[in-house]
Amino acid sequence: MGRMSLEEKIGQMVQIDRTVASKEVMNKYLIGSILSGGGSVPAKEASPKVWIDMVNEFQEGSLSTRLGIPMIYGIDAVHGHNNVYNATIFPHNVGLGATRDPNLVKRIGAATALEVRATGISYVFAPCIAVCRDPRWGRCYESYSEDPNIVRAMTEIISGLQGEIPANSRKGVPYVAGREKVAACAKHYVGDGGTTKGINENNTVANRHELLSIHMPGYYNSIIKGVSTIMISFSSWNGKKMHENQDLITGFLKNTLRFRGFVISDWQGIDRITSPPHANYTYSIIAGITAGIDMIMVPYNYTEFIDGLTYLVKSNVIPISRIDDAVKRILRVKFIMGLFENPLADSIFVNELGKKEHRELAREAVRKSLVLLKNGESADKPMIPLPKKAPKILVAGSHADNLGFQCGGWTIEWQGLGGNNLTSGTTILSAIKDTVDPKTKVVFKENPSAQFVKSNQFSYAIVVVGEPPYAETFGDSLNLTISEPGPSTITNVCGAVKCVVIVISGRPVVLQPYVAVIDAVVAAWLPGTEGKGVTDVLFGDYGFSGKLSRTWFKTVDQLPMNVGDRHYDPLFPFGFGLTTNPVKAY
């Protein structure tokens with residue numbers, strides 16, 4: 001650092017989006033980091049080689065600077081390498097929380113790291129360790145649970161992404177095991193899951209004890225596991241924006257918890273300190289940098305940020321010691337992860353993307369994440385496991401043959417997509433057709449009339465309905481309903497024939513009005529590309545084992561309602577989940 005000019009130091013603190021990056025920009029402005037925002041890809045359906053070539057070209061710009069400090073490239077890999085065509089898409093965190101299996105999550109972390117390395121990228125904005133306390137929040141599916149203890153257990157994914165921290169490691173110092181691993185990012189610090197009515201980026205009203213006992217515990221575990229970076233939340237705590245909270249970023253995270261990695265802002269995070277955003281950018285820079293943020297996800301107007309920060313340091317508004325702290329942390333992570341030794345990506349990992357073993361792992365995760373909420377009218381007459389041999393069965397519902405709906409938000413595009421052309425995977429309908437006996441006739445009708453169901457002699461029906469894909473604020477919802485025509489599909493089908501309803505959603509949704517008419521209900525969350533994980537348990541090749549990691553409410557008027565609350569009257573309580581035994585194949 002003694003060799004670095006102010007310009008070189010400030011460049012390290014800047015992260016820009018790939019759409020404004022080039023070899024020339026990296027070289028001229030000495031930029032420290034690039035990211036791909038949600039859906040920001042070099043080309044539609046780009047191959048790993050196209051990704052690698054892009055990342056390396058940017059890197060060559062960084063390596064051709066005076067000091068040749070490599071840039072670090074970050075991407076949202078929040079349920080597998082989800083921006084990339086043909087990558088394995090794992091269940092979203094809400095489903096993984098229901099598995100209660102930290103070792104499974106660790107293996108998912110390791111598989112994700114390999115798929116990310118397949119595209120030449122070495123840094124992921126994961127895991128999200130939010131504790132979602134209100135399902136009306138559009139990011140609730142990115143949270144493992146409403147219970148901080150489950151979230152703490154699931155930080156084991158960091159050991160999968162970054163590698164197992166050595167026994168003699170100094171606590172709080174970041175660790176990345178080598179070229180098969182990536183730098184991770186615990187997010188969003190802190191209280192992102194506790195906002196009023198679940199409004200995204202809003203205000204978390206809580207006393208210090210509540211903040212530390214509900215929203216903070218996941219960070220303790222993440223830091224102990226050597227997490228490389230921590231991302232600050234857009235939200236506020238008791239009216240103060242987290243992006244300007246010096247007490248919690250510098251005072252608590254850096255000084256009390258002794259976190260030694262770097263702190264990164266969220267997308268235009270410092271802009272949003274003011275209302276409206278970017279209203280007083282000079283104030284935003286002072287507030288964010290003084291609070292202790294080390295790397296700023298600008299991500300577009302980087303010259304404005306560089307000029308602004310340079311001026312503030314030269315005029316002694318921001319001390320050089322604050323800049324040195326930031327740069328030291330950023331360089332520490334780059335050194336620890338081996339970026340200086342191996343700045344350029346090679347293609348040794350390209351075959352890891354979407355490989356069979358990773359899809360098998362995702363399928364196992366789907367099986368373990370499904371929660372059986374109802375199984376027949378009484379315990380002695382269970383509906384599941386379903387028989388594979390039947391003359392004729394009906395499959396219905398908007399989500400039965402829709403890979404995009406099954407994957408949810410943060411898949412290929414930021415907001416996710418509908419339909420079956422987004423990437424490779426198996427829909428629940430295809431999985432059913434592959435699983436039942438060849439002689440069983442499978443009839444698929446997305447939204448059949450009651451008359452159609454009655455006039456056909458179906459042995460049973462499988463109805464797959466739920467929510468459309470969404471991410472962040474677009475997912476905020478005050479009514480939490482199954483999307484149309486789901487409710488009428490349930491009524492038409494289940495009123496006429498024995499039926500199983502599979503709910504594809506990022507959170508508990510309104511089910512109470514329909515439960516009585518349905519024979520069996522499965523909460524499938526957002527399972528991802530491996531639809532066969534659903535049929536594995538539906539037809540009894542495996543048993544159901546998932547347990548709710550969230551309270552399933554009766555009506556939205558009850559919200560927020562979490563386990564341990566005084567007035568706790570759920571439709572299905574936290575921890576609930578019926579089990580089945582696998583059927584022996586004779």
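Q: Which residues does T435 touch, not counting residues up to four places away in sequence?
A: T435 touches K388, T535, F539 and D541. Keep in mind that this is a predicted model.

Q: And where does T435 sit?
A: T435 is in helix α16, which covers residues 428-435.

Q: Is T435 buried or exposed?
A: T435 is buried. Its relative accessibility is 16%, and buried means under 20%.

Q: New topic. What sheet has the strands β5, β7 and β10?
A: It is an open sheet of three strands. The order is β5-β7-β10, and the pairing is parallel.

Q: Which ones are the edge strands?
A: β5 (185-189) and β10 (262-264) are the edges. Each pairs on one side only.

Q: How are neighbouring strands turned against each other?
A: By 25 degrees on average, with direction ignored.

Q: What holds strands of a sheet together in general?
A: Strands pair through backbone hydrogen bonds, either parallel or antiparallel.

Q: Back to β7. How many bridges does it share with β10?
A: Three bridges, in the parallel sense. Strand β7 spans residues 229-232.

Q: What is the bridge partner of M231 in β10?
A: That partner is I264.

Q: Which helix lies across β5 and β7?
A: Helix α9, residues 217-224. It runs at about 155 degrees to β5.

Q: Let's switch to α3. How far apart are its end C-alpha atoms?
A: They are 22 Å apart. Helix α3 (residues 48-63) has 16 residues, so at 1.5 Å a residue it should span 22 Å, and the two values agree.

Q: Which residues of α3 are buried?
A: P48, W51, I52, M54, V55, N56, F58, Q59, G61 and S62.

Q: What covers them?
A: The cover includes helices α2 (23-29) and α5 (102-118). Strands β2 (33-36) and β3 (72-75) are also part of it.

Q: And α14, what does it reach from first C-alpha to last?
A: Helix α14 (residues 356-369) reaches 20 Å. That is close to the 20 Å expected for its 14 residues at 1.5 Å a residue.

Q: Which α14 residues are buried?
A: H358, R359, L361, A362, E364, A365, V366, R367 and S369.

Q: What covers those?
A: Among the covering elements are α4 (93-99), α5 and α20 (532-538). Strands β12 (371-375) and β17 (520-525) are included too.

Q: Last one. What does UniProt place at residues 6-333?
A: The unreviewed UniProt entry places the feature "domain: Glycoside hydrolase family 3 N-terminal" there. In the model, that span is 40% helix and 10% strand. Its end C-alpha atoms lie 20 Å apart.

Methods. Residues numbered from 1 in each chain as written. Predicted model: local features only at pLDDT ≥ 70, side-chain atom pairs only at ≥ 80, totals over all residues. Heavy atoms only, no water. UniProt positions renumbered as here; feature names shortened; annotations may be inferred. Helix = DSSP H or I, 4+ residues; strand = E, 2+ residues; numbered from the N terminus. Pairing = 2+ DSSP bridges. Axes fitted to C-alpha atoms, helices over the stretch in contact; angles between N-to-C directions. Contact = heavy atoms within 4.5 Å. Buried < 20%, exposed > 50% of the residue type's maximum accessible area, 1.4 Å probe, protein only. Expected span 1.5 Å × (residues − 1).
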